[in-house]
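I opened this notebook to record what I looked up in the structure, topic by topic.

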Amino acid sequence: MKPIFSLLLILSLYTNAQELSIIPKPVESSVQKGKFTINAATVIVVTDEGLKPSVDFLNSYLKTYYGFSLKTAKQAKTNFIHLGIKVFIRPPDNDGYNMTVTPKNIEISGDTYAGTFHAIQSLIQLLPLQKKKVLDVQCCSVTDYPRLKYRGLHLDVGRHFMPVAFVKKYIDFIAQNKLNYFHWHLTEDQGWRIEIKKYPRLTEIGGWRNGTIIGRYPGKGNDNTKHGGYYTQEEIKDVVKYAADRYITVVPEIELPGHASAAIAAYPYLSCFPDESTIKYFPKSCTWSGDTTGKQVQQTWGVFSDVFCAGKDSTFDFLQDVLDEVIALFPSTYIHIGGDECPKDNWKRCPNCLLRMQRKGLKDAHELQSYFIQRIEKYINSKGRKIIGWDEILEGGLAPNATVMSWRGEEGGITAAKQNHDVIMTPGNPVYFDHSQSTNEDSVTIGGYNPIEKVYAYDPVPAVLSEEQGKHILGAQANVWTEYMDNGRKVEYMIFPRLAALSEVLWSQKDKKDWNSFEKRLSTQFKRYDFTKTNYSKAYFDLKQSVQPSTNNNGVIWKLEGKQKNMSVSYSSELQKGIKTIPFDITIKQSQTVAIKQSVNGKVVGSITQSFHFNKATAKNITITNQPGKSYPGDGAFTLVNGVQNEKGLAKSKEFLGFEGTDCKAVIDLEKTTEIKEVIAHVFEENGSWIYRPKSIEVFVSNDGLSYQSAGKSDMFIQVYPLRTVGVSFAPLQTRFVKVFIKNYGTIPAGNAGGGHPAWLFVDEIEVN
């Protein structure tokens, strides 16, 4: 018997060591021996009518993907799934659940109706990923509840309208990932998307624009195509109920006082200057389509100075009327009122606004914005609701009961939490899902770089807060801005698989997060995306590239790593060729272009072409005084001398060092006295993304690294927008050390995207010739 006992013990330990492929990771789970089989004869045992949404969701999923659904019954002896409610001892109001799968039945008990619904999402993830009539479910035990109360996903339908069918599909994505808030961004400069019966022109006029710029800002022309759409109040009610049946709260956003061009196009009196045409505020670098007279819906992206007038009571009458109809449609406690990116230049020259400031004793336009927000907040509070606003609502004094949504990093949220205000974290880095998730994007994005690894590593509760202050962090959400997403498939591509990482960040307990475990479960999730025909980014499988100096600084080492097993790479250039397996590296000692083909089991799955441009600074030691911003660190200082010159702008943002409001100061050691006659900096400009060309470049030289003298200064730029170079030429001289000072543009001018904020300086390479 002894050998048999040992074998049973080994099998038991193996079973317990297995991990259920559930995302987000449960608080506790264990795999048991055996399977439960779901077939057409299986019944759902349910006696509580309040559980009907969970029954309906499960049956809808089974019918859609397996071709059958289950009958319900009040009792059964075997082959059943029992749904119930049972209060467990764990954090209050946390919508947790317990699930036990045995060979005879599945038992699900939620703390709340929402808890039972979340259990259904876990059960769905245990179903096979092939269409069949008999579904084996692994026997197991799961105990689970969420870490954070607010778990959200945002969708901007102002820039590009999304039909109701896709909005419902989006809500299903939210539900399947155990999130519980849908932030619906309904009004923008480029379109007003919600029917307001008292003001029909909002959708008749404000819901449509005459054209849209082509490609990334400032665009390569205009498509001259009318774009728009809106949701009727009946459609809104339908979407709200659809979400409620999935235990998701819909938070509507009505932007104010900025991002108001569409409303002003419909009702010009809402502007400080009703007689000024919209074209006055339109960037000269962009292309307009159609009528240029009067107020129009905007056709490009960015921030515009034509905002709601803060000096007219008629503005507030209008907004209160709008909010009355919005509040009647949305039962959410929260109403999002925007409050971000509101240029003040019109207010500063508006007689009505200046008079308001004088009468109210407001010292500047920031305090006028605070007055605006607080007046709206008092009205919303009088209706029994609370406001959420972007972190700009902190400027000039925070409204008393406001919840802050911190998007410009975490600083605004930290400040608000320390003032005992509730906070929802949504920093651009890493939870803006409109940012690129690949360094080799094959479609236009707004830029940035938020790969799934960065999303997973995020913790919404900043370590700098005390335990008590940390309680004000309600949770977090990802934002999906749609400047470059004009259809649902592109939206899916941008949110998946990052949404899986976000769900684990927000739901799973902090001590349960484990990237290695997540990766294993993610591999199953990819198969589920394929099974459900969900469009998703393959960036996770990209070859990860880095360029590092060789040991003696006489060349660079191009390293490539990948996630896929059995991957081989064939490479060729003018100077070398070969075949290697991943991971591998190639030593580059002079200018050349290397072509890569990736193969898995003999099948080509991708290709890369990389050019290297050598000069006297390439691969040399370099130090920088100011460190780049966290969002754009490149591969450190060596990025500036690695021989790689950016050719695709923000599609390859990893090739830049980005400096927010600071200068780029670098010292390059050429290792020996060398004759030079020119220094060139490769920089980038995209004003719509807050990235400005530098003011100037100045070059200093030294033979000892201590005493420097200027070799020249220049502000002359060459090459075509957005990739530029700025250089200094001089008579040939002998030097070892080259100091390069590239001066940041400074503060972004009012009326532009990011007006009043520090400009970004992007540098990708410094040449010494």
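Is the crossing of α4 and α16 left-handed or right-handed? I found that the crossing of α4 and α16 is right-handed; a crossing is called right-handed if the near helix is turned clockwise from the far one by less than a right angle, and left-handed if anticlockwise.

**Basis of the entries**

I note that this is a predicted model, in which local features need pLDDT of at least 70 and side-chain atom pairs count only at pLDDT 80 or more, while totals for chains, interfaces and linings use all residues. Residues are numbered from 1 along each chain as its sequence is written, and side-chain values use heavy atoms, with hydrogens and water left out. I took helices (H or I, at least four residues) and strands (E, at least two) as DSSP runs, numbered from the N terminus.

**Helices α4 and α16**

I recorded that two packed helices are described by the angle between their axes and the distance between the axes. The axes of α4 (residues 164–176) and α16 (residues 488–495) come within 11 Å and cross at roughly 15°. Axes are lines fitted to C-alpha atoms, for helices over the stretch in contact, and angles run from 0 to 180 degrees between N-to-C directions. The two helices α4 and α16 are therefore roughly parallel to each other (angles under 35 degrees count as roughly parallel, over 145 as roughly antiparallel, 65 to 115 as roughly perpendicular and the rest as oblique).

I then listed the contact (heavy atoms within 4.5 Å): α4 supplies F166, K169, Y170 and F173, and α16 supplies G488, V491, E492 and I495. These residues divide into five nonpolar, one polar and two charged. Ala, Val, Leu, Ile, Met, Phe, Trp, Tyr, Cys and Pro count as nonpolar, Asp, Glu, Lys and Arg as charged, and the others, Gly among them, as polar.

I looked up β5 (residues 97–101) next: four of its five residues are buried, so β5 is largely enclosed by the rest of the structure. Buried means under 20% relative accessible area, exposed over 50%, and partly exposed in between (1.4 Å probe, protein chains only).

Strands β5 and β6 (residues 105–110) pair in the antiparallel sense over five bridges; two strands pair if DSSP finds at least two bridges between them. A hairpin of three residues joins β5 to β6, and T100 stands opposite E107 in β6. I also found five bridges from β5 to β7 (residues 135–144), and these strands run antiparallel. The bridge partner of M99 in β7 is V142.
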